[in-house]
Amino acid sequence: MSHLQQVTATQHILVVDDQQSNLDSLQLILKFNYQVSLASTGQACLDQLAVATPDLILLDVDMPMMDGLTVCRIIKANPATSDIPVIFVSALSRLSERLAGYRAGADDYVAKPYDAEELILKIRIALNNRHDLENAKQRSVLVREEMEESLALSTELAEIAEFIGRTLECDDIRSLGEQMLVTLERFGLRVIVRMIPSGHYFSHAGEVGVLDQEMMESMYEKGRIIDFGHRTLINTESVSLLVRNMPIHDEDRYHRWKENINLMVEVVNQRISDVQRLLDKQGERERLQPLIIGLHQLIETVQESGYEVVKEEAAVTVSRLLMAWESKQAI
């Protein structure tokens, strides 16, 4: 058995589906790498969670009595189970249906008939994300234990002030995205950053799931701040930020951090505009450079031969240089 198989074999996946054939199929795919438990109803899933906590749940959406969306909401509303990643496995695969799953708290979506490799990949990403969130939570607990609550606000504001100063040293979009990850990690937050101008994503977990990308892109124009339980999306013109582990069970800290994060996102939004203007100026200089060089060469020719001798050539040269510059302007 490989090291990866040894690690994954200790991880427990609960599969929930009302069709026995689907349970058998998923168990066959997963049993070589994971411990697998089965449940045929939503209530059976919740009953098993009261006894043992799996590392991940594969959940069918369209089930009788209690559908998958309802089950997921119950799981995410319970602090004891809210951190368990949930992947919906369903024949319902339209974007609106996937987003309904996301709002219910799901971490990803696999459409039936599913591809085994895609399923395993999404399970791996979801489990990696959970491990990342658990590490962040442990670090956050240690930080809170090290400082009195009365000092929390001043400490956070000091971090934000340092963050703003560091953004002034960033001269490209990538470094701004990476700086957000570094600073928010100090708060114990795990986030996904989407840079609108470049389309790049940055994440503490490294990989960004397809459902996260679809949600961020589809909700970009739906509002400035959008809450999905323990997840919060903040949109600005040039950057969107998805926080995956907001402290929803600590109301004071939740509201305080939301305000602080909103400020940080707005700072990055403004800095992206500044960086973009700087890049535009640099591009303009590069476009003007051939025109300037050509004019200097023409000046030297006129000085050497006299204007009367080269005036027709000069007119043609100026016209050619202008056409070349205008064509670059249109690019």
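**Exercise 1.** Classify Phe-228 as buried or exposed, and do likewise for Tyr-102.

*Solution.* Step 1: Phe-228 has 6% relative accessibility, so Phe-228 counts as buried (buried is under 20% relative accessible area, exposed over 50%, partly exposed in between, with a 1.4 Å probe and protein chains only). Step 2: Tyr-102 has a relative accessible area of 0% and is buried too. The model is predicted: local features need pLDDT of at least 70, side-chain atom pairs count only at pLDDT 80 or more, and totals for chains, interfaces and linings use all residues. Residues are numbered from 1 along each chain as its sequence is written, and side-chain values use heavy atoms, without hydrogens and water.

**Exercise 2.** State how many aromatic pairs the whole structure holds, and describe the geometry of Tyr-102 and Phe-228.

*Solution.* Step 1: the search finds three aromatic pairs (rings of Phe, Tyr and Trp, the last by its six-membered ring, with centres within 6.5 Å; planes under 30 degrees apart are stacked, over 60 edge-to-face, the rest tilted). Step 2: the ring centres of Tyr-102 and Phe-228 are 5.5 Å apart and the planes stand at 90°, so this pair is edge-to-face. Step 3: Tyr-102 belongs to helix H5 (residues 95–104) and Phe-228 to strand E8, so the pair ties together parts 126 residues apart in sequence. Helices (H or I, at least four residues) and strands (E, at least two) are DSSP runs, numbered from the N terminus.

**Exercise 3.** Find which residues touch the most other members of the largest nonpolar core, and list the contacts of Met-215.

*Solution.* Step 1: this core has 34 residues, and Ile-57, Leu-59 and Met-215 touch the most other members (a core is a set of buried Ala, Val, Leu, Ile, Met, Phe, Trp, Tyr and Cys residues joined through side-chain atoms within 4.5 Å). Step 2: helix H4 (68–77) is one of the elements that supply at least two residues; H4 gives the most, with four. Step 3: leaving aside neighbours within four places in sequence, Met-215 is in contact (heavy atoms within 4.5 Å) with Leu-99, Tyr-102, Phe-228, Leu-233 and Leu-242.

**Exercise 4.** Give the strand order of the open sheet of five strands and name its edge strands.

*Solution.* Step 1: the order is E7-E6-E10-E9-E8, with antiparallel pairing (two strands pair if DSSP finds at least two bridges between them). Step 2: strands E7 (201–203) and E8 (225–228) are the edges, each pairing on one side only. Step 3: E6 (residues 191–195) and E10 (residues 239–243) pair over five bridges, and Val-193 has Leu-241 in E10 as its bridge partner.
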